[in-house]
Amino acid sequence: MFARKLRALGYEKGGIFNIDDRDSLRHLVIWLEDRIFCTALPKHLQQGLRNQKNPQWRNVFSEYLNYCGCPFPLDEDASASCLDWLLREAIRLCVPDDRKQPMIPPKREKTAGPFENIDWGSREFYHGISKMAAMLNVPTHPDAAYLLTAVAQVLKARRAVGMIDENGAELDGLRLEEVTLGFDQQDKKLWDACRILRLLHIQQLRGLQTQIDAALVAVQIITADPLTDSALGRTGF
């Protein structure tokens, strides 16, 4: 996941880097700060970050990320996202000026509708979408439009399986134990895997049925005689 970024930055230990190794992660963060970022850190933060033996180093690292403007909170599930954000920022700073691409995508034309007043290229918009992505455990992306699309897909999927209602409130979803298979399996892990596969298959069938319904409506608009307007529920107009 990080090998190519570390190679692009010239990190000498990129081939053996392991994010799950405490010393490896701390060494990389200090290397990035000393060689690339050179941030004007407060004294206590600067000293705490360089003290790799500090038992509170993770708390210091979390404060360092907040100081740098990282949109992801530091927890067990988001460590990779935080590090990936740091590496992308480092690469952005290392790109020569004549080829530098902004972290935020260029401004897009405003369109009529609820999003007409949104500046798609603003840093505030990007950070807002990044926070939503972090809450949903969606990997980050430098293009806000791609990231927003991914967030929308996750929300749509959760809505489809009944995890959230139309207002975005979480619902009590179907528990895995409530899914019936029609056969018995003594191995609990294998049984759970079969249940998950069945749910995924049902979800695919529902999506296919929705596409078939849409295709039928589209064909009826062209071939129906008398004409049919499915939106009005009327035949002959």
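Which residue has a side-chain oxygen that reaches to within 3.1 Å of the backbone nitrogen of Lys 189 at the start of H8? That residue is Asp 187, and the pair falls under the definition of a polar contact (N or O atoms within 3.5 Å, where within protein one must be able to donate a hydrogen and the other to accept it, and residues adjacent in sequence count only if both atoms are side-chain atoms).

## Basis of the model

This is a predicted model, in which local features need pLDDT of at least 70 and side-chain atom pairs count only at pLDDT 80 or more, while totals for chains, interfaces and linings use all residues. Residues are numbered from 1 along each chain as its sequence is written, and side-chain values use heavy atoms, with hydrogens and water left out.

## Overall architecture

The chain contains 8 helices and 2 strands, taken as DSSP runs numbered from the N terminus (helices are H or I with at least four residues, strands E with at least two), and along the sequence these follow the pattern α-α-α-α-α-α-α-α-β-β. Of the 237 residues, 29% are buried, where buried means under 20% relative accessible area, exposed over 50%, and partly exposed in between (1.4 Å probe, protein chains only).

Helix H8 covers residues 188–223, and its 36 residues should span 52 Å at 1.5 Å a residue, which agrees with the 52 Å between its end C-alpha atoms; the expected span is 1.5 Å times one less than the number of residues.

Apart from neighbours within four places in sequence, Leu 86 is in contact (heavy atoms within 4.5 Å) with Leu 32, Phe 37, Phe 61, Tyr 64 and Leu 65.

## Leu 93 and the cysteines

Leu 93 lies in helix H5 and is partly exposed, at 43% relative accessibility. Not counting residues up to four places away in sequence, Leu 93 touches Ile 36 and Phe 37; the C-alpha atoms of Leu 93 and Ile 36 are separated by 7.5 Å, although these residues are 57 apart along the chain.

Cys 94 is partly exposed, with a relative accessible area of 46%, and Cys 194 is partly exposed at 23%. The whole structure has 0 disulfides, a disulfide being a pair of cysteine sulfur atoms within 2.5 Å.
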